[in-house]
Structure formats: structure tokens, C-alpha cells
Amino acid sequence: MTADPPPSVEVVVVRPARLPPSPADPAFSTIKVTPEAIATSPRLDVALSDVPGVTLFRRTSSLGANPTTQGVSIRGIAGSGASRALVTLDGVPQNDPFGGWVIWTRLPPEIIGGATVVRGAGAGPYGAGALTGTIALEEASPAPGSWALAAAGGSLGQARGSATASVAAAGGTLFLAAAGEHSDGWIPVREGRGAADTHLTLDDEVLSARFQTDLGPAVGSLRASAWQEERGSGLVGAKARERGAAISATAARDPTASEAGWRAQLWTQVSDLANTAVAVAPGRSSTSVTNDQYQTPAIGYGANVAARWLPGAASLEIGLDARGAAGEERERFHPVNSVLTYDRHAGGQTLTGGLYGEATMRSGPWLLVAGARVDGWSVFDSHRVEHDLTTGATRLDLRPAARDGVLPSARLAARVDPTGAFHLRAAAYSGLRAPTLNELYRPFRVGNDITEANPDLVPERLYGVEAGVGGSLGRVRWNATGFYNRLDKAITNVTVGVGPFLDPVAGFVPPGGTLRQRQNAGAIDADGVEADAEADLTSAVSARAALSWTIARVDGGAAAPQLTGLRPAETPRLSVTWDMDWRVVAPFTVTGRLRYDSARFDDDQNLRRLAPATTIDVRAQWRVARTAIVFVAIDNLFDVAVATGTTGGGVTSYGPPLTVSVGVRLTSPG
């Protein structure tokens, strides 16, 4: 008797609504971050910071960082809470419309299907904002019927859960995701700790949904998400809360040899930040509220259109994009007998828009790239109004005039692959970043240190060149890039004075505190080397090493001559990572990760030095069934004290201690 044939299974491939990677990417310093690297990292920002040159503003990850310090930059130009790199999800900007920072908890690793990091200014399709590079995230596109559940818990009172599901819907596919976590956190101050010090706590939740459908030869998607996070800021009475929502619509078609590809996108995002700051009493015995930023309503919006042709060995892409933001910070301040007596409303609107074109040509082993764009920027509706809450009198009413300008940028690159195992490339580029609403209008306070806004800021400009070499030799694959960048009109916090004194706008600066102001302070020069190598040492062991070495120095010019020759704040010279995977037996894998970060300064005057730090993380993962994985992760294995900040009083804050977490991930059988 003849056996019945096995039933046929239809494999459904969900096409993402995005253009494929640009043909120009191989000519630039481009790094791919795999879904596996993201899935085995505790947080998305941690996974990305393993890429040489990618740095968070401070050493603390999103587990303990205030929303306003979650900026990301590339190539050690100078750390900034505003982000000098552009982060996108399938083409939609993820930087906050008010501050430019990235709320990483809104991007749980479970929804990310990979990332491409392009280092160097992103003229061409990336637009204004990609000053030092672009982090292009790709959302996962699982087949209908797929689902995953994950849960983890451990020390520091951590508990985290997530769920994703892809389901067939009328005419398309619906991808749903939810994640949330809680952490009791840690007390960042160790030496000199007092009653004023408390834990960096975290509670966050995120929901997202994406409907995707075929539109003939094109693909369309509609995505919506909402998120919130609440944090304890390490001092009694200091806390932060961020809430937001976003919606985007995308239609895209892949290019072919005979038909143009294209993408059209609309998006909007709303956010609201609340942030309470306190002053610390002598001996760290108590705190008192100094500022209550009770609302920061902001909206960002944008559109982009791109078309790409692939005529033979060439390609041509043209497009235009526009981004706008409007927002206002609302804050009570100026304490008198522990009562906040003044109220401030400060904000305005910004708008940037550009037109670009980029062409590539392949000729034998050569790839040539040329791109240019022109951007217009404007700042308008600027205002800063302050009232005395006791008398109702207006104490300050500033309404700076509207400003605008037009700036060109461009990039050129060439790559040659003389053999299949070796390549050379070189590039030159320029880019710009307009100031955020936060930099223009929002003053802030950390402990006794005050930073004033500046409504007269103008866009930063970056010019750079780089040369790279890479290839493979047996089981080893490697890349190395040397670069030089100059950042003109750098927006940085410049020290105005050290307390005690009374400033007519900022108010009283207490003893030991500093008053800083955001300024376009001269230029920053940065040259360095990025390198990475990976190898399959045996059939069971693989390793990867990467480093970023950057010498950055400030030229304060006439605006801030006192900064000339100093290193930019929050800029290490050397960062090194080393990863090793050991597949002990088929279902059991052990991963080790070492990270070294050299000394950096926490201030513009290079007086507050943060010592170098080396940390080791270990993760053991066991696939107990085809659909189930359990893991144990130990972060900061040797409980190293990683300095993250220091105050004018000499008190240092530290990152998380040794933490242990245990988790499980269940997936659908498909």
C-alpha cells in the first residue's frame, strides 16, 4: 500500500513596507546588527552601543537613565542628550519631537528584526538630523500565525514580560506587541551617601500594532504605538515621567530593473515629559524641590517621498522630506520656604525640510556614490513667559524673533573590491542638525547644577572624511576605518559661573553649584579609528572584537576660549568590546561580553573626571524544546563601580551593580 504524501505547507512571507537597503551603503562605514545580537542583549540601546563608535550620552543604559539623557551619538564627536544621530524604524524618526532623545523602552528588542548603523554624516536620503550617522531599525515581520511570549525576573527587583503575535486579518497581516517591566533599581551614590539618596526605579509599558497589506506590486502598512515610563531619579522627591504615542502610514514598492521603486510615508508623534528636580542639603541629609516641570506637551510630524531606479549597473534615488515639531515646557520653580513661587511657559516651533538626489555606479570592482541635498530650517513662535504665582505679576516675557536659513550638504564615496576577500573605500561628507526645542527653550537642574536654554542657537554643521579597509581571511572577517570630523557651531553646555551668586534669569546658584548655558561654542575636531573583527574559532566557538579610538578636542573660538584644547564632555578616547559564543552542546550556549570604556569628563571644563571601567556580562541559554528557551544572565559579573556622573560637590554616581536575571521565551511551533 502506498503511503499518502505529506500535506503541503504554504510558506507565507510578509513583505515589509520599506525600500530595500540603499545600493550606496557598502561605500560607507556600515555595520549590521543581527536579530540574535539584539535578542540576547538586555536592552536595545545596550545592543547598539556594542557597535564601535555608537555611544549613549552617559554610561547608564535606559535601565537607569533619565529620559532627557537618552541621546545617542556616533564617532565620539561629543555626547549629547539631544542625539547627534538619527534613529529610524522602517524610515520613521524615533527621536523625541521636543528633545531629540530616544525613549528606548518604546522599542522593545522583541519587535526589532535588525538594525543598520551608518557611521558618518547622512546627507542623501537620511536628511537633517543624521549629523554623525544613522541607526536604521527594522521592525520584525513574522509570518501569520507566529507568536512569542517572554518573561524574566531577577535582582534589583526586576520583572519583565513581553508578547508578540502575527495574525491574518482581512486583506493583510496584523502584528501586535506588548511589553512592560519594573525595576526597584539601585542607589547611584556610594561614597557619602545620605538620607537624600534613593533608588533609580523604573516602570514602563508599551503597546504597538501594525497592519500590513499588499497593494498590488506595492506594500502598505499602518502602525500605531503608545508608551509610558516612570522613573525615580536617585534623590528623594526627584522623579520623571514620559508618555507618548505615534502613528505612521507607509506605502513602498521594491525597485526592479524595469520599474522604479518608491516609498511614501506620513507620521506624527506626541509626547509629554514631566520631570521634578531637587536640591541636596549639606551632608546629603535631605532634599528640597527646586523645579517641577509638570508638563511638556510636544508634537512631531513629517512626511517623506523617495523614488529609486536601477538602470543596469547604476542606481538613482531622489526624494524630499519634511519634519516639524511644536512644544512647550511648563514648569514651576523658584522655591521660597519650600514653596515654588514662579511659573514658566517656554517653547516654540521648528521646521526642517529638504530635497536630495543620490546616484551610484558600478563598474567592475568599483562602486561610486555621489549625493547632495539642500535643507531649509526655521524656528518660530518662540516664547518664554514667567509669572509670580503669589502676585500674578509677569516677571519675564521674552519673544525672540523668528529665524530661518538654507544649508546644503553632500557626500561622495568610492569602494573597490579587487578580490572577493578584500576591499578599500573612501568617503567625504557633510551634514547638519538643527537645535531641538529642548535646547532652545528648556532650562534644567540636576542637584545644584543649573543649565540655561538659549533661543538664539543655530544648526550645527559637520564635515568629515574617512578611509576604510576590510575583508576576510579564512575564518576571520575584519574591517577598519580611519576618520576625521569637524563639528562647527557645536551646541554644548558652557560654564558661565560657579555659585554662590544670583543670575537675573536663572536665579540663585547655590554654593558648589554651577550655571551653564547651551551655546554654539566654536568647533570640535575628532579623528580616530574604528575596527572590528569576527571569527569562527572552532565549530563550537565564535568571537568578535571591536574598538573605537577617538581623539576629540574643542576649539572654543571667541565664544568660549576657555574651552580650547579641552576634550568634549562625555567623550571617551577608547572603547573596546569583546564577545564570545560557546555552543557547549547543541541546545546549550554560553555568551560572554567584555566592555572597556576609558576615562571621560562629566563637564566642559574637564574638572570632573569619570574613571575608566571594564565590565563583563555572561549569559547561558538552553533550548529545552523546539519552542522554548530558558536563560540566566549576569550583568556586571564582578560588580565593578562604573562612574556615570559627578556633581560640583564631588559626589559621584554609579551605574548598576551585579545583577542576575532568569527568563524563559516561548514561541509558536511554526
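**Aromatic pairs.** I started with ring pairs and got a count of two aromatic pairs, taking rings of Phe, Tyr and Trp (its six-membered ring) as paired if their centres lie within 6.5 Å. Planes under 30 degrees apart count as stacked, over 60 as edge-to-face and the rest as tilted. Phenylalanine 333 and tyrosine 342 make an edge-to-face pair, with 5.6 Å from centre to centre and 75 degrees between the planes. I looked up their accessibility too, and both phenylalanine 333 and tyrosine 342 are buried (buried is under 20% relative accessible area, exposed over 50%, partly exposed in between, with a 1.4 Å probe and protein chains only).

Then I went to phenylalanine 588 and tryptophan 622: their ring centres are 5.3 Å apart and the planes sit at 45 degrees, so this pair is tilted. It links distant parts of the chain, with phenylalanine 588 in strand S34 (residues 588-597) and tryptophan 622 in strand S37 (residues 613-625), 34 residues apart. Strands here are DSSP runs of E, at least two residues, numbered from the N terminus. Phenylalanine 588 has 23% relative accessibility, so I noted it as partly exposed. Tryptophan 622, at 37%, also counts as partly exposed.

**A note on the model.** This is a predicted model, where local features need pLDDT of at least 70 and side-chain atom pairs count only at pLDDT 80 or more, while totals for chains, interfaces and linings use all residues. Residues are numbered from 1 along each chain as its sequence is written, and side-chain values use heavy atoms, with hydrogens and water left out.

**Arginines over rings.** Which ring does arginine 332 lie over? I found it over the face of tyrosine 294, at 4.1 Å from the ring centre. Arginine 619 lies over the face of phenylalanine 631, at 4.1 Å from the ring centre. The rule I used wants NZ of Lys or CZ of Arg within 6 Å of the ring centre and within 35 degrees of the ring normal.

**An open sheet.** I traced four strands in the order S23-S24-S30-S27, an open sheet with mixed pairing. Strand S23 (444-446) and strand S27 (491-498) are the edges, each pairing on one side only. Two strands pair if DSSP finds at least two bridges between them. S27 and strand S30 (residues 514-520) run antiparallel over seven bridges, and glycine 497 stands opposite leucine 515 in S30.

**Two hairpins.** Strand S8 (residues 147-154) and strand S9 (residues 158-169) are antiparallel, joined by eight bridges. Alanine 148 faces threonine 164 in S9 as its opposite residue. Their hairpin has three residues between the strands, and leucine 156 there takes a positive phi near 60 degrees. S9 also pairs with strand S10 (residues 172-183), antiparallel, over eleven bridges. I checked alanine 169, and its bridge partner in S10 is glycine 172. In this hairpin two residues lie between the strands, and glycine 171 has a positive phi near 80 degrees.

**Serine 83.** Is serine 83 buried or exposed? It is buried, with a relative accessible area of 2%, in the loop between strand S3 (72-74) and strand S4 (86-89). A polar atom of its side chain lies 2.9 Å from the backbone nitrogen of valine 72. The backbone oxygen of glycine 100 lies 3.0 Å from a polar atom of the serine 83 side chain. Leaving out residues up to four places away in sequence, I listed what serine 83 touches (heavy atoms within 4.5 Å), including Gln70, Asn95, Trp101 and Arg433.

Technical notes
Polar contact = N/O pair within 3.5 Å; in protein donor to acceptor, adjacent residues only side chain to side chain.
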